[in-house]
Amino acid sequence: MGAREILLIVVAILAVYLVFQLIRAMGVKDGEATSAAADIAPDDDAVDAPSAGTDTDAGPDTDDAVVALSAQAPADDAAESFSLALEVRQLRRDAAQLRGEIDQLRAEQLVMRQSLSEQSAQLDAARAAQRVSPMYGEALSLVRRGMSAEDIAERCGISVAEAELVKSLGQDAAASGEDTR
């Protein structure tokens, strides 16, 4: 026998072993679906005890659940117990990921609420500006630019007293608009 024949025999043995393992894995997966409900009911206390805490990372609590499930199962159900423990671990990871996503969405929602509040204040200010009499609208815009009452009266054709009144009203509205932000 040469090295070539020995190598072919080893490859054939490995192929048979691989097929055997695949068939075994498929059998465990099929058996898991039918007996999962029956196995979960008696082990509820063991599964609930480690998950009662609020710790969401897959740390020591998860390993304790795996050990507890493995210790309670008989020797012939070890594969099913192990697969259930892995499923519990994966579900905990999924729950932790979902909690992180929820926290991120809550932060985005807070930013959106703040933006909405700012936009609402701006809209209210714009509506208040529209309620101003058209006769004094130009005078109010000149007040916002910082012109004096005499210049406003001269430019708009109103009395100095009216210009001072518009100026004081414009400054009060601007001050209250800044306070609400």
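This report describes the fold, surface, core and confidence of a predicted protein model.

## Basis of the model

The structure is a predicted model, in which local features require pLDDT of at least 70 and side-chain atom pairs count only at pLDDT 80 or more, whereas totals for chains, interfaces and linings use all residues. Residues are numbered from 1 along each chain as its sequence is written, and side-chain values use heavy atoms, with hydrogens and water left out.

## Confidence

The mean pLDDT (the predictor's confidence in each residue, from 0 to 100) of the protein is 76, and 65% of the residues reach 70 or more. Helix 6 has the highest confidence, at 90, while helix 2 (residues 44-51) has the lowest, at a mean of 43. Over residues 36-58 the pLDDT stays under 50, and the model has 19 contacts beyond four places in sequence for this stretch. A contact here denotes heavy atoms within 4.5 Å.

The protein comprises 7 helices and 0 strands, giving the order α-α-α-α-α-α-α from the N terminus. Helices (H or I, at least four residues) and strands (E, at least two) are DSSP runs, numbered from the N terminus.

Of the 181 residues in the protein, 15% are buried. The classes are set by relative accessible area: buried is under 20%, exposed is over 50%, and partly exposed lies in between (1.4 Å probe, protein chains only). Among contacts with a separation of 6 or more, 43% join residues 24 or more positions apart.

## Helices 1 and 4

A25 belongs to helix 1 (residues 3-40), and A79 to helix 4 (residues 78-130). These two residues are 54 residues apart in sequence, yet their C-alpha atoms are separated by 9.9 Å. A25 is partly exposed, as its relative accessible area is 43%; A79 is also partly exposed, with a value of 41%.

## Surface

The protein exposes about 13500 Å², of which carbon and sulfur atoms supply 59%. Accessible areas come from the Shrake-Rupley method with a 1.4 Å probe; for residues, only the protein chains shown count as cover.

M1, I6, I9, V10, I13 and L14 form a nonpolar surface patch of about 630 Å². Patch residues have over 30% relative accessible area and no salt bridge; like charges are joined within 9 Å and nonpolar side chains (Val, Leu, Ile, Met, Phe, Trp, Tyr) within 5 Å. A salt bridge is a side-chain nitrogen of Lys or Arg within 4 Å of a carboxyl oxygen of Asp or Glu. M1 lies in the segment before helix 1 and is exposed, because its relative accessible area is 80%.

## Nonpolar core

The largest nonpolar core has 10 residues: A139, L140, L142, V143, A149, I152, A153, I158, A163 and V166. Helix 5 (134-145), helix 6 (149-156) and helix 7 (160-180) each supply at least two residues of this core, and helix 5 gives the most, with 4 residues. Such a core is a set of buried Ala, Val, Leu, Ile, Met, Phe, Trp, Tyr and Cys residues joined through side-chain atoms within 4.5 Å.

Leaving aside residues up to four places away in sequence, V166 touches Y136, A139, L140 and V143.
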